[in-house]
Amino acid sequence: EVKSLFEGEGVFDNPKPVRLLSRCIELTTGKDDIIIDFFAGSGTTGHAVLGRNAGDGGNRRYILVQLPEPLDPANKDQKIAADFCDKLGNPRTIAELTKERLRRAGKKIRDENPMFAGDLGFRVFKLDSSNIRAWEPDRDNLAATLAEHAEHLKTDRTEADILFELLLKLGLDLTVPIEQKTIAAKTVHSIGAGTLLVCLATQITAAEVEPLALGIVEWHKQLTPAGETQVVFRDSAFADDVAKTNLTAILQQYGLENVRSL
């Protein structure tokens with residue numbers, strides 16, 4: 001089964017059998033359950049979950065955990081797998097093979113089950129420290145510490161990093177849909193169909209406040225989220241406190257009461 005996905009190459013020596021795991025999933029889970037595998041290896045569990053969903057129309061999800069264990073091309077047992085990573089242009093780790101196996105399994109299942117409309121994609125997360133700088137004062141030089149912490153977010157992090165930390169902090173599902181739209185030349189993200197609206201632009205001038213706020217209000221109306229919406233901005237982006245206050249006031253005037261800044 002694995003060789004058929006990897007064009008006959010012996011990338012994995014002893015993978016778990018998909019059919020056995022599929023049968024276990026069929027016997028022990030409901031169609032909306034979450035299956036967790038803390039030693040993902042080649043990703044057989046994820047493959048089996050996708051296949052089982054395609055077979056019975058289920059909506060099961062999986063969480064696979066796999067350390068990025070390095071593959072050594074000098075080791076004869078790992079050489080084929082390491083060479084395969086090189087061919088793909090990916091790092092030589094088991095985790096990269098896990099992801100590639102899931103991509104290929106999803107494509108194969110889609111090709112074999114064209115009427116199946118379920119989700120065959122996945123998201124990859126890596127454990128890291130918070131994107132928000134911890135307050136660590138130098139008590140001998142508090143003035144310098146205050147200046148360094150004027151920007152609360154770490155500068156080496158991407159918008160995606162910050163967005164997913166927000167999901168965790170707000171208790172939202174990590175698989176919720178995320179859309180983005182350009183409003184007043186700023187990128188605004190809609191998470192969970194408007195449950196959370198986030199603009200992480202690094203600069204918002206006084207002149208940009210009104211078109212940005214009104215654009216967000218208009219998009220919020222189009223999204224029509226079921227519950228209350230939170231709107232989040234980068235605190236250091238505002239030209240001054242007046243710009244921040246004005247933007248907040250416009251949003252609250254149109255019913256977006258929960259406005260926060262990072």
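Trainee: Does Arg234 count as buried or exposed?

Mentor: Arg234 counts as buried, at 10% relative accessibility; buried means under 20% relative accessible area, exposed over 50%, partly exposed in between (1.4 Å probe, protein chains only). Please note that this is a predicted model, in which local features need pLDDT of at least 70, side-chain atom pairs count only at pLDDT 80 or more, and totals for chains, interfaces and linings use all residues. Residues are numbered from 1 along each chain as its sequence is written, and side-chain values use heavy atoms, with hydrogens and water left out.

Trainee: Where is Arg234 placed?

Mentor: Arg234 is in the loop between E6 and H9. Helices (H or I, at least four residues) and strands (E, at least two) are DSSP runs, numbered from the N terminus.

Trainee: And which residues is Arg234 in contact with?

Mentor: Leaving aside neighbours within four places in sequence, its contacts (heavy atoms within 4.5 Å) include Glu151, Ile162, Leu200 and Leu262.

Trainee: Changing topic, which residues of the largest nonpolar core touch the most other members?

Mentor: Of its 22 residues, these are Val188, Ile204, Leu212, Ile216, Phe233, Leu247 and Leu251. H8 gives the largest share of this core, 7 residues. Such a core is a set of buried Ala, Val, Leu, Ile, Met, Phe, Trp, Tyr and Cys residues joined through side-chain atoms within 4.5 Å.

Trainee: What about Thr45: buried or exposed?

Mentor: Thr45 is buried, with a relative accessible area of 8%, and is found in helix H3 (residues 44-56).
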